[in-house]
Amino acid sequence: MKTNYHTHTTWCDGNDSTESMIRSAIEKKFDVLGFSGHAMYPFAVEWQMSALSIKKYAEEIRELAVSFADTIEILLGFEADYFPVLSTPSSGIYKEIKPDFLIGSVHFLFDEKTVYTKNPEGSGIPYTCFTADGPEEEVTAGIQQVFKGNAKKAVQTYFSLQRDMIKDCTFDIVGHIDVIRKRNGTLRFFNEQDSWYISELKETAKTAALYNKVVEINTGGIARGVINDSYPSIDFLKILNSYNVPVCLNSDAHSTKDLDCAFDISLEKAKTAGYTELMYLSGGSWKTRKL
Ligand SMILES: [Zn+2]
Ligand SMILES: [Zn+2]
């Protein structure tokens with residue numbers, strides 16, 4: 001089984017149309033292709049779909065799923081943001097669209113303690129936030145402005161948000177679980193070997209196990225050339241395996257050429273971490289296949 005559930009198109013910040021992605025997946029011999037447009041339904045920021053386009057996106061995918069049904073299984077999903085109060089990756093929120101799956105992702109990073117108290121309008125929207133996987137300048141400025149230069153606090157908050165999302169929301173796949181590493185190769189704002197960092201990984205793995213989430217091995221950073229590794233790191237993957245957290249393989253593709261980017265080396269990495277099987281979603285349920 002060759003599958004991918006993390007696919008972006010021109011409906012959000014991807015470069016290719018839904019149909020081009022499907023045709024490329026067929027060429028690359030995929031059995032299942034799931035689409036995961038960026039969403040914080042019913043709201044949106046610039047790289048996410050508006051409520052109206054979400055409905056059109058869903059219609060298009062359902063139609064294409066029927067047209068291509070003989071060749072490939074096409075699934076409708078979302079990469080839904082966790083941004084407490086504003087957006088949660090919860091099946092209840094997306095119920096009228098009836099997606100086949102949801103990926104829950106933390107992109108926005110803010111100081112949890114100030115989120116509900118500091119905004120004078122009392123809207124619950126934090127004064128300042130930044131994207132953990134944003135450009136280097138944004139991450140550098142974000143750590144300074146939101147966390148007063150305390151990078152450790154920023155990283156701990158990132159994992160704390162991740163755990164809150166896992167506990168509080170009903171979704172299928174945890175998206176790029178340690179994407180906070182994306183800019184660490186150049187910015188070096190934390191040490192992945194520090195004991196506090198390892199503790200965050202263990203606590204997060206424990207939570208994912210408790211709430212029965214599938215964690216994706218995400219190769220998107222390799223495709224973008226920003227990090228020479230998939231998420232999660234090998235150390236994190238070993239920890240996840242020790243807590244029996246199931247994994248699936250996703251490319252987070254924004255272009256047709258990246259649909260199976262680094263799949264071969266990522267499968268080897270999963271084996272090295274001790275995994276013997278991978279999860280895949282097909283015919284409406286999660287199943288396992290041998291690695
Ligand atoms: Zn993402
Ligand atoms: Zn994505």
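**View 1. Seven strands in one open sheet.** Here 7 strands line up in the order β1-β2-β3-β4-β7-β8-β9, with parallel pairing, to give an open sheet. Strands are DSSP runs of E with at least two residues, helices are runs of H or I with at least four, and both are numbered from the N terminus; two strands pair if DSSP finds at least two bridges between them. At the edges sit β1 (3-4) and β9 (247-250), each pairing on one side only. This is a predicted model, in which local features need pLDDT of at least 70 and side-chain atom pairs count only at pLDDT 80 or more, while totals for chains, interfaces and linings use all residues. Residues are numbered from 1 along each chain as its sequence is written, and chains are lettered from A and ligands numbered from 1 in the order in which they are written.

**View 2. Where β7 meets β8.** Strand β7 (residues 173-174) runs parallel to strand β8 (residues 214-218), paired over 2 bridges. Look for isoleucine 173, which stands opposite valine 214 in β8.

**View 3. Contacts of valine 247.** Two residues are in contact if their C-beta atoms, placed from the backbone, lie within 7 Å. Beyond its neighbours within four places in sequence, valine 247 has contacts that include Val214, Val215, Leu240 and Met279.

**View 4. Leucine 281 in strand β10.** Strand β10 (residues 277-282) holds leucine 281. Leucine 281 is buried because 21 other C-beta atoms lie within 10 Å (buried needs 20 or more, exposed 12 or fewer, partly exposed in between, with C-beta atoms placed from the backbone). Leaving out residues up to four places away in sequence, leucine 281 touches Tyr5, Val32, Leu75, Phe101 and Trp286.
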